[in-house]
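Please open the model in your viewer and keep the sequence panel beside it. The stops below each begin with a selection and then describe what is found there.

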Amino acid sequence: MSFPLLTATAALPAVGAIATAAVPAAKRTAAKWLALLVSIATLMLAIVVLVRFDPGGDRYQLTESHAWIAEFGVRYELGVDGIGVALIALTALLIPFIILAGWHDADPLETGSKRWRPTQGFFALILAVEAMVILSFEATDVFLFYIFFEAMLIPLYFLIGGFGDRAHQHGEQAATTQRSYAAVKFLLYNLAGGLVMLAAVIGLYVVAGNFSLTEIAEARANGSLQMAASTERWLFLGFFFAFAVKAPMWPLHTWLPNAMQESTAPVAVLITAVVDKVGTFAMLRFCLQLFPEASKWATPVIMVLAVISIIYGALLAVGQRDIKRLIAYASISHFGFIIMGIFAMTSQGQSGATLYMVNHGISTAVLLLVAGFLISRRGSRLIADYGGVQKVAPVLAGTFLIGGLATLSLPGLAPFVSEFLVLVGTFTRYPVIGVIATFGIVLAALYTLVLYQRTMTGPLRPELAKMPDLRVREIAVAAPLIVLLVFLGVYPKPVTDIVNPAVKQTMSDVQKKDPQPEVEAAK
């Protein structure tokens, strides 16, 4: 029996979470180092998964399958394709930086306030989320996927509500109220989506007789499993609704700005750069593979909703006064591009969407984490409370600028390639949608550059005169991610070589081929 590599990659952070939580209360620093070392070890395992994966091999590799609840056909079934491997690598890469960036976020307040949970709990919850996200990318049993898709909400609820942002302008009581509101709203929205999906999961079992993604997809492909059009459409809508909430897509997005605003910057990165990718990943793995005809049926409406997300998120980002809310609305716009690329039903669009998931995770991590360093120095999230920061903290200003330029998809940085592929793939099949979506790029330049101008340039505000520049730990967080942004911006081939075979198989699932270019006959 071969070593269960996928299980180990998810089990390590899960065991690490338990071990971190068990560290004595007086050993806060030991708990931090334990969590960091576990996250680095998980990254090493993810790299082994990446190396062991053969892009030219079977669709699902490193598979594991064991009986679990035999009476209902539920199995512990894992496997990864190119898309799953890329997102596991992204998750494992970001978690050490999230932990390092949040090194002091759960330290007790000097005032002796008891509203902060133990430091150990903060880092244990982050590792627990990592374990559940990785299992979501690995699960090929629909019921198993559903369990972890929902279970990750619990540690996130406590991270938002119990370890919120300390930079609040209205006092501790108001801050606690706002954090509680954001955490409950996050939980209710996602639980509602999950309950709708549960009904669809049960319906799928009634129709198919099991929960195995590979078996159901194979039966759909060879015609041995037939679904009435109305049944397939209802099941598709049940799955898609849950994934659209998680993604998040307009109009199911409203939980995200509150959750990101009230979270610490590392937790906000965990939400938008890691957890939200589960929603868009699941659209590719489950919606298109299990319900190909319903996916094509719903595509026109989804494309319209995606382009609304792009423009709506960008417009609201322009008008924000809170730094983290601005980044939240920018992320809603970016997720609109990802969903548009998925449902453009072209290989360029889906390759671009998958690459966008990876690149958005890295670029958002840079921008949000550096914004968190800035906010922790000033104690305010309001843009108006800053100005002239580059005069006293040039390294901070420079890294913030690079994160912002990546967010607006500047050529030479990683998100440009993915956004370009999404737009090319959309233009070939939906030219009007593609034209409208390009306005999102213009708006991204507006909100990003205005944010930088108002916070970093101009006269130095007197209260910022003694603001320190980035420290060694903070540079260690930002610098490797910036290097990766530049590397993937000029050489995205390592990622595209992994994801393109999986994209071709997804295109085959929905029986779609790329539109052929129209060539004018020679006169």
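A residue is called buried when its relative accessible area is under 20%, exposed when it is over 50%, and partly exposed in between, with a 1.4 Å probe and protein chains only. The model is a predicted one, in which local features need pLDDT of at least 70 and side-chain atom pairs count only at pLDDT 80 or more, while totals for chains, interfaces and linings use all residues. Residues are numbered from 1 along each chain as its sequence is written, and side-chain values use heavy atoms, with hydrogens and water left out.

Start by selecting Asp322 and Arg381, whose side chains meet in a salt bridge at 2.8 Å, N to O; the term stands for a side-chain nitrogen of Lys or Arg within 4 Å of a carboxyl oxygen of Asp or Glu. Asp322 sits in the loop between α13 and α14 (323-343) and Arg381 in the loop between α15 and α16 (394-407), so the pair ties together parts 59 residues apart in sequence. Helices here (H or I, at least four residues) and strands (E, at least two) are DSSP runs, numbered from the N terminus. Arg381 is buried, with a relative accessible area of 2%, and Asp322 is buried as well, at 6%.

Step back into the loop between α9 (229-246) and α10, where Pro248 lies. A cis peptide bond joins Ala247 and Pro248, with omega about -5 degrees. Pro251 has its place in the loop between α9 and α10 too, and a cis peptide bond with omega of about 5 degrees joins Trp250 to Pro251.

Now select Glu474 and Arg377, whose side chains form a salt bridge of 2.7 Å, N to O. This pair links distant parts of the chain, with Glu474 in helix α19 and Arg377 in helix α15, 97 residues apart. Both Glu474 and Arg377 are buried.

For a contrasting setting, select Lys296 and Glu293, which meet in a salt bridge of 3.2 Å, N to O. They are three residues apart in helix α13 (residues 292-318) and are therefore separated by about one helical turn. Lys296 is partly exposed, at 23% relative accessible area, and Glu293 is partly exposed at 42%.

Which residues lie nearest the centre of the second largest pocket? Select Leu50, Ala89, Leu93, Leu484 and Val495, which hold that position among the 16 lining residues. Elements giving two or more residues to this lining are α2 (28-52), α3 (82-101), α15 (347-378), α19 (472-490) and α20 (493-509). On a 1 Å grid over the protein atoms alone, a pocket is an open set of points where a 1.4 Å probe fits, with protein on both sides within 12 Å along at least five of seven lines, and lining residues have an atom within 4 Å of a point.

Finish with two backbone details. Leu62, in strand β1 (residues 61-69), has a positive phi of about 55 degrees although it is not a glycine. Ser409, in the loop between α16 and α17 (414-427), has a phi near 65 degrees, again positive in a residue other than glycine, and Ser409 is buried at 6% relative accessible area.
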